[in-house]
Amino acid sequence: MSKDTLAFIILFMVFFNLSAQDILGQWKTIDDNTGDAKSIVEIYEEDGKIYGKIIAVFNPEVEFRTCNDCSGPHKDQPIVGLVFIEGLKRNNDVYEGGTILNPENGKTYRCRLKLEEDTDTLQVRGYLAFFYRTQYWKRVK
């Protein structure tokens, strides 16, 4: 293999990795009503699907709460450690096809995640029919 070919392959891989920023990692959730930071969420991939769990909360009064209003396997589970984003798949530049649980009221919504152009902001959208609510989370560095 010539040096030019090898250099091209390396350059291509670097360029591809820069343009393929993903949503995996830790994110600081921001309350869309107050603008206050609420928690740290770990977004991870398992079996080809995207999941998110709460790994820390900023309000010490919430730290040991459980998801009392939740149903199914989430019922009475601790908020910290709760997997509340489940089963999303990548579709071009968005992750969708899964759900997001609101631990404050126990309701589950269809979910879509999209990385903003600055790659340090994650658009998090929950849907109920054609109504939706959007939050913007910040990447933890």
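Buried means under 20% relative accessible area, exposed over 50%, and partly exposed in between, with a 1.4 Å probe and protein chains only. The legends below describe a predicted model, in which local features need pLDDT of at least 70, side-chain atom pairs count only at pLDDT 80 or more, and totals for chains, interfaces and linings use all residues. Residues are numbered from 1 along each chain as its sequence is written, and side-chain values use heavy atoms, with hydrogens and water left out.

**View 1**
Arg110 belongs to strand E6, residues 107-115. Strands (E, at least two residues) and helices (H or I, at least four) are DSSP runs, numbered from the N terminus. With a relative accessible area of 47%, Arg110 is partly exposed. Contact means heavy atoms within 4.5 Å; leaving aside neighbours within four places in sequence, Arg110 is in contact with Gly98, Thr99, Ile100, Arg125, Gly126, Tyr127 and Ala129. A polar atom of the Arg110 side chain lies 2.9 Å from the backbone oxygen of Ala129. Leu88 is 22 residues from Arg110 in sequence, and their C-alpha atoms are 9.6 Å apart in space.

**View 1. Ala129 in the loop between E7 and E8.**
The loop that holds Ala129 runs between strand E7 (121-128) and strand E8 (131-139). Ala129 has a positive phi of about 60 degrees, although it is not a glycine. Its relative accessibility is 54%, so Ala129 counts as exposed. The backbone oxygen of Ala129 is the atom found 2.9 Å from a polar side-chain atom of Arg110.

**View 2. Asp47 in the loop between E2 and E3.**
Asp47 is located between strand E2 (37-46) and strand E3 (49-57), in the loop. Its phi is positive, about 55 degrees, although Asp47 is not a glycine. Asp47 is exposed because its relative accessible area is 77%.

Two strands pair if DSSP finds at least two bridges between them. E3 and strand E4 (residues 83-91) run antiparallel and are joined by 3 bridges. In this pairing, Ile50 stands opposite Leu88 in E4. E4 and strand E5 (residues 94-102) also run antiparallel, with 5 bridges joining them. Here Ile85 stands opposite Ile100 in E5.

**View 3. The hairpin turn between E4 and E5.**
E4 and E5 form a hairpin with 2 residues between them. Asn92, in the turn, has a positive phi of about 60 degrees.

Technical notes
Polar contact = N/O pair within 3.5 Å; in protein donor to acceptor, adjacent residues only side chain to side chain.
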